[in-house]
Amino acid sequence: MKRLILLAAIVILAVLPWLANNRYVFHIATMIAIMAPLALSMNLMLRIGQLSMAHSAFMGIGAYASALLTMRLGLPPLASLLCGGVLAALTALVLGPVFLRIKGVYFVLLTYAFGQIVNLVFQEWTSLFGGNSGLYGIPKFSLAGYRLTAVSQYYVLALLFTAIAYWMVRAIERSDIGAILQSLNEDEMLSRSIGADALSWRIAVFTFSAAIAGISGGIYAFYIGFLSPQAFGFQLSVDLVVMNVIGGTSAALGPLLGAIVVVPLPELLREAKQYQLLIYGLCLMVFLIFIKQGLVSLIDRPRRKPA
Amino acid sequence: MKLKHYLTFATAGLALGLSALTAMAADTIKIGVIAPLTGAGAPWGMAAAEAPKILAADINAKGGLTVGGKTYKVEVVAYDDQYKAAEAVAAYNRLVNQDGVKYMIILSSAATMALKQNVEDDEVVAVTAAYTAKAIEPSTKYLFRMYSTPADYVPSFIAWMKDNVKEKRVVVVNPNDETGWDQTQLSEKLFKENGFEVLGHELFERAQKDFQPLLTKIIAMKPDIIELGGTSPATAGLIIRQARELGYDKLFSKTGGAGPAEIVAGAGAKAAEGVINMLYADPANEGYRRIAAAYKASVGQDPNEILVSFYDGANVLLKAIQKAGDPSDTGKVAAAFASVLPMPSVQGDQLSLGGKAISGVDNQIMTVNYIGVIRDGQPVVIGKTK
């Protein structure tokens, strides 16, 4: 019942921009809808016990690939968007067999280093990526000749992808795959002893989550119309972790709630001007101290106690 | 119970957000500022936010800005973009759609590039501090650059050095990025054209702090000028200090990125003695001292000298609004830039309209920059760029 009420509340929140009919509200809603799938992709990694700092880089790969494929090769934006996701996924697929043999803090450092390398490539390869001056002139997204120009249209696009990403992560969560992933996190040795190929499952999750991040990056590129390496730095990966921690990592709903709270929070505090970041930090601390298991824990109670 | 609390919190948050929806106040002209008010870019961002506030306070103290026979109060609304394009878009949407802003000052290149199409589509008149040549194109109508770029003032800076500096053997040092590459190419070409011997150039990563290996190599070339170009002032201070420690006792010049206070802070007054540096402001100028004092009274710190450029940019904007005679007609205001310029800057120099040679359109306020030398830890103006 609680879950239904919450889903109803999320649906009401989703239609709120049309009720407010204000471009600023639409922009915040669009940014939530772009960040939510990213938070979901990070959630998948956290479920297998791997804290990835590479997801900002995957978003960047998707963003730059989508923009450049449209700008330089003239691919239709939808094809570019999907190719961006595929390219991010392929990168993860190639790196996964090496990266995912390592766990814990070493994995964090490895993915952090990868993120930095990708960011440096965006900065230094100016003829392709535009360097620190950025890549501009990205055409608007279009589908079957219909060009998306209004922020409300990008909101619909981002919302649609959020719904798809949520549905897929939820489906994984409820399926046997979800149980396997949980077992990999909780007791890998036991899981392997009953036949689960731990590394292959980890690579699959890494690849799938990178694809989600890449497509989100593509939507971001077409929406903002300008890319600079700074948008895909270390801070973004930290933000994704924060969304998961505040929303809760135990269910797909958690990162969704985390994005809904964390993304607009700086905007709600904008009036505070120079104290904006200070109050933002304090708000996050309050969440972390008083709702340790995340917002989703207020709804989800443990269904059964272990025997 | 907890769910109830959660919903209460969510509703309160929404109410807080919606309560910010305000209509544009009637007899007020609002100037929006999008700049990094926090983080490493804050000294520039605070200058961007405070300069129009100082100007607005002056105007409001005299009763307001008279436009078309009606008097308006001038209000400045400044938002932090943290140097991020997405934050700048959020700030822009808030300024335009909630705060009712039609006039804007934008600081960073990233924000400008992300917003330039919005500015044209929404017919918002914006003044930008972005150096990038790509910000303004022949089709640009509503976006104006607030000062001269290195391409405008470096030629006359180096020509001044030809006439006033006896040293001729130069090594150019710049950050290893697009800005640094462009600055290196430009200054090498100009030094050669002006009869200097360019011994070579060196590039470094912006995060670098230890320059001893690089400086050892440079000093071995026996230069008598090390040109620091677009190196950030704080890093320039570090390079100067480390070079002095290695025994380099010749000249340093810095044709880009003003910031003598940061250079002295990094190098120490003794090591920084004699450094030739581009300046936005003449520290001894009465007009600059007045606005710098107002800044210090408001913020509690000395300003970055770029304050003067933002003050002049805001002043030109308000004069254009006055000239247009109707604050609601931004098309008229954009066109009025051509008729209010030339006009005097706060320092008494002439501001003019130009930029066509680089951007294909006259949407740039051409400013006079100063050539300063550091003496006893203080910048002293010894020349002007054209």
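This is a predicted model: local features need pLDDT of at least 70, side-chain atom pairs count only at pLDDT 80 or more; totals for chains, interfaces and linings use all residues.
Residues are numbered from 1 along each chain as its sequence is written, chains are lettered from A in the order in which they are written, and side-chain values use heavy atoms, without hydrogens and water.

Chain B is divided into domain 1 (8-147 + 286-354) and domain 2 (151-279 + 371-384), with bounds from an automatic or database domain assignment. Their C-alpha centres lie 32 Å apart. Across their interface the rule finds one salt bridge, meaning a side-chain nitrogen of Lys or Arg within 4 Å of a carboxyl oxygen of Asp or Glu. Asp349(B) forms a salt bridge with Lys384(B), with the closest N and O atoms 2.7 Å apart.

A nonpolar core is a set of buried Ala, Val, Leu, Ile, Met, Phe, Trp, Tyr and Cys residues joined through side-chain atoms within 4.5 Å; buried means under 20% relative accessible area, exposed over 50%, and partly exposed in between (1.4 Å probe, protein chains only). The largest such core has 203 residues, of which Phe58(A), Leu227(A), Met104(B) and Phe310(B) touch the most other members. Both domain 1 and domain 2 of chain B give residues to this core, so it lies between them. A second, separate core of 23 residues includes Leu238(B), Ile239(B), Ile240(B) and Tyr248(B).

Leu238(B), Ile239(B) and Ile240(B) are also among the buried residues of α8(B), helices being DSSP runs (H or I, at least four residues) and strands likewise (E, at least two), numbered from the N terminus. Gly247(B), with a positive phi near 100°, follows α8(B).
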